[in-house]
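Hi everyone, thanks for coming along.

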Protein chains: 4
Amino acid sequence: MAKRRVRIGLIGYKFMGKAHSNAYRQAPRFFDMEWEPELAVICGRDERALKAAADKFGWQECETDWRRVIERQDIDLIDVSTPGDLHAPIAIAAANAGKTVWCEKPLANSLEEARSMRQAVEKAGVFHAVFHNYRYCPAVALAFNMIQDGLLGKIYHFRAVYLQDWIADPSFPLVWRLDKHSAGSGAHGDINSHIIDLGRYLVGEIAEVSGHLETFVKQRPKLAATDDRLGGTASTEMGEVTVDDAAMFLAKFENGALGTFEATRFALGRKNHNRFEINGSRGSIVFNLERMNELEFYSNDDAEAHRGFRTIQVTDGVHPFTGSWWPAGHIIGYEHTFTHLVVSGFERMAKGENPTPDFEDGLRNQRVLDAVTRSSASRKWECV
Amino acid sequence: MAKRRVRIGLIGYKFMGKAHSNAYRQAPRFFDMEWEPELAVICGRDERALKAAADKFGWQECETDWRRVIERQDIDLIDVSTPGDLHAPIAIAAANAGKTVWCEKPLANSLEEARSMRQAVEKAGVFHAVFHNYRYCPAVALAFNMIQDGLLGKIYHFRAVYLQDWIADPSFPLVWRLDKHSAGSGAHGDINSHIIDLGRYLVGEIAEVSGHLETFVKQRPKLAATDDRLGGTASTEMGEVTVDDAAMFLAKFENGALGTFEATRFALGRKNHNRFEINGSRGSIVFNLERMNELEFYSNDDAEAHRGFRTIQVTDGVHPFTGSWWPAGHIIGYEHTFTHLVVSGFERMAKGENPTPDFEDGLRNQRVLDAVTRSSASRKWECV
Amino acid sequence: MAKRRVRIGLIGYKFMGKAHSNAYRQAPRFFDMEWEPELAVICGRDERALKAAADKFGWQECETDWRRVIERQDIDLIDVSTPGDLHAPIAIAAANAGKTVWCEKPLANSLEEARSMRQAVEKAGVFHAVFHNYRYCPAVALAFNMIQDGLLGKIYHFRAVYLQDWIADPSFPLVWRLDKHSAGSGAHGDINSHIIDLGRYLVGEIAEVSGHLETFVKQRPKLAATDDRLGGTASTEMGEVTVDDAAMFLAKFENGALGTFEATRFALGRKNHNRFEINGSRGSIVFNLERMNELEFYSNDDAEAHRGFRTIQVTDGVHPFTGSWWPAGHIIGYEHTFTHLVVSGFERMAKGENPTPDFEDGLRNQRVLDAVTRSSASRKWECV
Amino acid sequence: MAKRRVRIGLIGYKFMGKAHSNAYRQAPRFFDMEWEPELAVICGRDERALKAAADKFGWQECETDWRRVIERQDIDLIDVSTPGDLHAPIAIAAANAGKTVWCEKPLANSLEEARSMRQAVEKAGVFHAVFHNYRYCPAVALAFNMIQDGLLGKIYHFRAVYLQDWIADPSFPLVWRLDKHSAGSGAHGDINSHIIDLGRYLVGEIAEVSGHLETFVKQRPKLAATDDRLGGTASTEMGEVTVDDAAMFLAKFENGALGTFEATRFALGRKNHNRFEINGSRGSIVFNLERMNELEFYSNDDAEAHRGFRTIQVTDGVHPFTGSWWPAGHIIGYEHTFTHLVVSGFERMAKGENPTPDFEDGLRNQRVLDAVTRSSASRKWECV
C-alpha cells in the first residue's frame, strides 16, 4: 500500500502546538496508517521562540505569518492551535483556500464565529475536525461503545465536573486565558466545553440549560512581559479579569436525561479533574481524567449479591486503541488522546469521510456555551 | 452526680423508630451523660407490630394513639418519627403540652407547616431538635471544626450529591415515600434536605437557587397491603407517582460561595452516596457517607511537592465523638450518628441550651426546599 | 417460642469486655434469637473500676474473683476476656465446672496451654468458642460463601497483612501487650493470629511456614501506674520489651496455595489495616478491615472488555447478617462483628451444635503461631 | 552548544525494542540534551519482521547478526534488548569492542553471567546501564528524594508485590519466558527483579533472604510457530514449564529493615500491579505502577487530627521529570519511564559519569535473585 503523506501547517506552538506535534509524530510509529502526517510548517509570531519549537517538535520549516502558510500549495492541512480569537479568521481562510482544517476547542470565541466557520468548511467542501481529544481516551471510547451496546439502558443522569486550581492564587497574573478578547470566556469555554462535548457524545443533544458564571477574583496583576500573551512574570500593575472563574449549569437533554455541569479553576487540589458519572436503567459508568486508564462500571445485570462498581483497567488489547501501545496494565498518558484523534481522523479521511468530532460538533457545543451565558444573564432557563 | 432520667415517647416504630431507639439505648453505654434517656413509651397504629417493635427495641410500654402519649404526665420528650404528614400535628400538640420535641427530618411537608411548628415550640418555650443526624458523623464534625479554624480559608464551592438507587426499578411499588400527601416530596425532601443541611452547617445560608424536579417513572404498582404505608408487596393495579424521583439545583450562598446539589433515587450502584466537596482558598475537603469514617483533606499549606488529598481516618481519640467507642481504625457505623446527636442534644439540654440542629434549622432548610420547588415551576432563580 | 436466657459471666472489663458486653446487649435487639444472652456477672480485680464498667456496660452484678463466678450455679457461659496468661486457667476451670466457655483470641499464650484447653472442653463436653470475630464481618462471610460456591476456582495465593502503628513511637510505654508473660507474644499472637484465622477459614490448613519475628524497639518506659497492666502513664524507668514488634512469614497451604503473612505495629498511618487478597483460577477477592463494609471481587467470567475489580458494598439484605441492621449503603462498624459472632454462636448452641470458630480452631491457629516462632529461631521452614 | 550524536545499535525489536526505540526518539523532543541518541541500526534474526520494525520505530538500518553491529565503527552504544540468554554474550562482546553497553533487566540468566558482564565493562572502561526503568517513574524518584530528605525517618518495613495474570490460563502456551534456557527464571527474574531493584534503590542492600519458588502449571501447549520464541499460537503438543510461576521471599536489609517480596503471574485481575509500601519512623509511602502518576504519603509530622495518607499527583513542575511534559494533572504513561532513563543516562555520560542503575546494580540484583533460588532449594535463610 502506497502511503499518502499529508503535509501539515501548524499555527501555534505553545501547549497545544506541542501536543499536536507529538500526536502527528507518534501516530505512525504505533499505528498502521494509510495516510500519514508530515510535519511540514510550524507558524508563530516570535521568530526565535518559533525556531526553537520547530527544532524541538520536529518541524521542517517555520513561517511567522499564518496567511503565508495558507497560501502555500504544498500544505494540505491547517491545524489551528492559537488562542481562540484567531480560530475563526485562520480556519475560514484555510477553508477558502481548500485546505483541510483541524481546529483546537472551543471552536470559536462566539456563536457567530462558530457559525461562520461551520459555513466556510461546508461551502468549501473540505474536511474539518475539532480537537475534543477526550473522546479519544480509550476509557471514554469504551464507555461510548458500552452505551451504544445498551449496557447502561435508558440514561437518567449525566453528572460532570471539570475542576482545576491553577488560578486559585489571587496573585496569579492576567494571562491570555483570563482576557475575554483573546479567550472568549474563562473556565466555561476552556473546560466546560470539554464536558459538554462528552455529554453530547455519550448521552445526546442538550435541549435547555440554567446556568451561572462567576468571577471570584476580579483584578489580577498584569503580565510584565506584554509581548507574550501566554505567560510570563507578574507586574505590579493590576488589570481586570474579564472572563469567568467558574461556570455551572443544569441541563435537560433532548432524550429526557438530566445533566449537571460544573467547571472551575478554583478547586484546590484538583489538577485536571474531568470527571463524569452516567446513571442509566441498567447500569452506571464513572470516568475521571486524572485516572484516565480506568473506567468504573456498575452493572445491574450482575448477580444481586455481587454487584459493585468495577474498575476496568482500559489497557487491554480488547479495548479501543490500547492494543497498539503496550501490554495490559502498562498505562498511557494524556498526550495519547491526541494521537488517537489523529489516527482516527486520518483513517476517516483516507476513506473519504470527515473526522469526528467536526465543526458541526464544535458549533453545537458553542450553542450550549452560548445558552448558558445567556441564562447566566437572564437568570432563567434558556433553550440551546 | 445524680443523673436525670428523661422519659421518651417515641411516635413511629419503623426505620427511624429503630434508629432512634438504638441511639437512646446506646448513648449512655458509651458516653457519660448528665441527663439520660429512658425508653418509656413507643407509639404506632398496628398494635401487633407495635408490640413486637417495643420488645425488640426495648421500650417499656406501647400506645396506639399519639395523643395519649402527649397527654401523659410522665413523658418528657416526644420523638416524632412518623411519615412527614404527621410531623406538624404531633409536634405542635407536643409543644403545646410543654414537652421537649425532637422531630425527624425534613421538619415538615410544607413551608407553612414548618413555620407553625417553629412558632409552636417558640411560644411554648420548650426544647426542640431536628434529626439531621449527618452533622454528627465524626468526619463531618471534624470538617466543621476545620472550616471554623480557617483551614479551608474563604469558601468558593460546595458541591453535593445524595445518590441512591432503591426505586430505579420501575416495578418497585408505590410506598408512602412516593406519595405527596404522606411524604411532601420525593428525593427532594428526603435526601436533598440532608445535603442542604450539610451545606448550611458547613458553608452558611443559601440566598438563591435555580432548580429542577423530575419524575422519571410516573406510574407504579400500588401496594397490595394497603394497611401499611411503609412497605409490602406490589399489586397489579397501577397508581400515580406524585413526588419527584430526582431533584437538582444551583445555589448562591450569602457569602458568595457557589453550590450544586443533586438528589436522586435513580443512580444505579449508589446505595447511600451522600458526598460533598468543599473548595476554599486554603484547601479542600471531601466526604462520602458510604465511607463515613474517612475525611479527605487537601491543604495548600503542605510543601509544594508533597501536596495531595489525604484520607483522614476519623476514628482516633482526638476526633469528635470517636474516643468513646473503639481504638483508632476500628470503624463505627450509620447508627452511631444518631447516638451522637442524642448525646449532644442531652448535654446541651442539661446545660439549659437547645439542641442543634433545631426547628429553626428545620425551617431554614424548608425554605430552601420550597425555593427550589418554586424555581422548578417558574423556570428561573428564586430567592430563599 | 419460649426463649431461653443464657446467663453470662464475663471475666475482663477493658477493651474486649466492652466489645463483648455490647454484642450481648445488642444481639437480641436486631436479631431473632431462640437463646438470648443475659448480662449476669462481670468480673475484674479493681473493684471501683469494675463497678463503673458494670454500670456502663449494663451488667447485673460484679465479682472480683473469677473463681467465684465459675462456682456460681446461675451462670451458664463464661466469657474469658482477660490478657492471655489467664485464658488457660479460667477456661479450664470453667469447662471443668460444666460451663460453656467463650474465649478471646489468641486461644492461649502457648501451644501447650492451647492443647490443655482443647482437652478440657472436649472432656467436659461443653460448648466452646473463640472470638475470631472477623469471620463475622459480612464482607468476610460473603467471601467465604463465594469461595465455597467456586467463584474463585482453585486458590493459588493468600496474601495478608495486619498493619497498625500504635507503638511506633519509642516513648510509648510498656503496657501488658509488650510483656511476654502476660501476652505470650506481640504482634504475632495479637494480630497475626487474626489473619491466620482468616487464611484457615477461607483457604484451608497451613502445612509449613518460614517466618521471622523482630523487635525494633528493645526498651521502653515502664508504666507509672503498676496496678494496671493495661495502660497508664509512662515512668522514667526503662524496661525490656519481651515480645515481637513485627512478625512475618511465608506459608504453604495443604492444598498447594501459597501464603504471605505480615503483622506489625510499626506501620505509620495504618490504624487497623487487616487486609487480604486471594487469587484463584476464576477470580480474586480483596478485603480491608478499615473499609470493612466493602469487598472487592474480580471475576474472570465477566466479559473480556469489562473485567475489573468491583467494590461490593456488603450492606444489602442479600448479604450475610446485614439485613437485620439498616438499608443498603448504611454501613455498620467494628463492634457488629462481635454481635454477629454472638448471634451465630447462640443459634448453633440452640440447635445443639458448637459455635464456630471453636477451641479446635484456636488450637490449630496456635500451631501455626508456634511453627512460625520455631522457624524464626531455626532459620528454616517448619511444619505446622 | 554543539550536540553530540550517540549512534545506537539496538539488538532486539519486540516489546523492549519498541519501548527503547520510543525512548530514544522522544527524549530529545521533550528534554534538552547535550548528547542526543541517533537511531542508527536495529538488529534481529527474522529479516522481514526486522525491516517492518525498523520502519515503524524509525531506525536507519537493519542487521541480522548482532556481531556485525558490534563490529561497526559508527556505532557508539549497544542496547541489549534480547531474551536473557543472549545478554551476556552480546554485552561482553560489545564491551570488548569498546562500546557503551545498555542492557535490559535482569542483567543475566545467572549470577555467573552477571559477574562476567560486570567484569567485562569494568575491564573495558566503558559506560554501562541496566534498564530498571521504574526508578525513573516520577513518583518513584520523588519517593527516593523524600527518603533521602529524611521524611520517612528510619525505615522499618519494605513490602512489595509485583502481580500479573497473563499466564493464569493453563492453556496459555510455552513462550520463551516460560523456558529456563531462554529466560533463566520466570516471575522471579522478570518481575521480582524489578521490586528487588526498587528495594535496593529506596531502602538499601539486602543481607539475607528466605524464599520459595513455585510452578503451579507444570505443562503447557508448545508454540505452533517454533521459529518465534516470543509468541504465536498454541499447538496440541504439551511441553514442560521449566521456570517458576510465582516467587516470594522474606528479607532482612543490612540496615535492619524487614522486607517481603512477592512476584506472580497468577493473580487474576492484576495486570501490572507493581506495588510497594515503606514504613518508617516518621512516615510511610505507597506506590502502585498501575497508578504510576500518584504517590501516597503519610506524614507523622502532620497535625494529629489531620493525619492521613495523601495522594500526591506527581505531575507537577516541581516533581522529577514531569515539568518537561504537560501541565499538572495531565498524566504520563509507562513508556515515559524509559525516556527518563535515557535522558538521565545521556546527561550523566555527557558529564563523564556512568548512568544509573548500572551493571553493578544488575549484579547485586542478581545476587539477591540467586540467594532466593538457593533458599527455595535449601528451605532455609541464605545470605545474599
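This is a predicted model: local features need pLDDT of at least 70, side-chain atom pairs count only at pLDDT 80 or more; totals for chains, interfaces and linings use all residues.

Let's start with chain A on its own. Chain A splits into two domains: domain 1 covers 4-132 and domain 2 covers 134-383. If you take the C-alpha centres of domain 1 of chain A and domain 2 of chain A, they lie 22 Å apart. The contact between them takes 37 residues from domain 1 of chain A and 40 residues from domain 2 of chain A.

Which elements of domain 1 of chain A give two or more residues to the side that touches domain 2 of chain A? They are α1 (15-30), β2 (35-43), α5 (111-124) and β6 (128-130) of chain A. Of these, α1(A) gives the most, with eight residues. Sorted by class, that side of domain 1 of chain A has 23 nonpolar, eight polar and six charged residues.

Now let's bring in a second chain. For chain A and chain B, the turn is 180 degrees and the shift along the axis is 0.0 Å, and chain A then lies on chain B with an RMSD of 0.0 Å. Which C-alpha of chain A is nearest the axis? It is that of A:K380, 1.9 Å from the axis. The same surface serves both copies, as 100% of the contact residues of chain A recur in chain B.

As for the contact itself, 29 residues come from chain A and 29 residues from chain B. On the side of chain A that touches chain B, the elements giving two or more residues are β7 (155-163), β8 (206-214), β11 (246-253), β12 (258-264) and β14 (283-288) of chain A. The largest share of that side comes from β12(A), with four residues. By class, the side of chain A that touches chain B divides into 13 nonpolar, 11 polar and five charged residues.

Next, chain A and chain C. Chain C can be laid on chain A by a turn of 180 degrees with a shift of 0.0 Å along the axis, and the RMSD is 0.0 Å. That is the relation of a two-fold axis. In chain C, the C-alpha of C:R310 is nearest the axis, 1.7 Å from it.

Strand β16 of chain A and β16(C) pair in the antiparallel sense over three bridges. One pair to look for is A:F309, whose bridge partner in β16(C) is C:T311.

While we are on chain C, let's look at a sheet. Chain C has an open sheet of six strands with parallel pairing, in the order β3-β2-β1-β4-β5-β6. Its edge strands are β3 (61-63) and β6 (128-130) of chain C, each pairing on one side only. From one strand to the next, the twist averages 25 degrees. Helix α2 (residues 47-57) of chain C packs on the sheet and touches β2 and β3 of chain C, with its direction at about 160 degrees to that of β2(C). Helix α9 (residues 336-350) of chain C packs on the sheet too, touching β1, β2 and β6 of chain C, and its direction makes about 115 degrees with that of β2(C).

One last stop, in chain D. Is strand β13 (residues 273-280) of chain D mostly covered or mostly open? It is mostly covered, with seven of its eight residues buried. β13(D) pairs with strand β7 (residues 155-163) of chain D in the antiparallel sense over eight bridges. β13(D) also pairs with strand β14 (residues 283-288) of chain D, antiparallel again, over five bridges. β13(D) and β14(D) form a hairpin with two residues between them.

That's my tour, and I'm happy to take questions.

Terms used:
Residues are numbered from 1 along each chain as its sequence is written. Chains are lettered from A and ligands numbered from 1 in the order in which they are written. Copies are superposed by least squares on the C-alpha atoms of residues with pLDDT of at least 70 in both. Domain bounds come from an automatic or database domain assignment. Two residues are in contact if their C-beta atoms, placed from the backbone, lie within 7 Å. Ala, Val, Leu, Ile, Met, Phe, Trp, Tyr, Cys and Pro count as nonpolar, Asp, Glu, Lys and Arg as charged, and the others, Gly among them, as polar. Two strands pair if DSSP finds at least two bridges between them. A residue is buried if 20 or more other C-beta atoms lie within 10 Å of its own, exposed if 12 or fewer, and partly exposed in between; C-beta atoms are placed from the backbone. Axes are lines fitted to C-alpha atoms, for helices over the stretch in contact, and angles run from 0 to 180 degrees between N-to-C directions.
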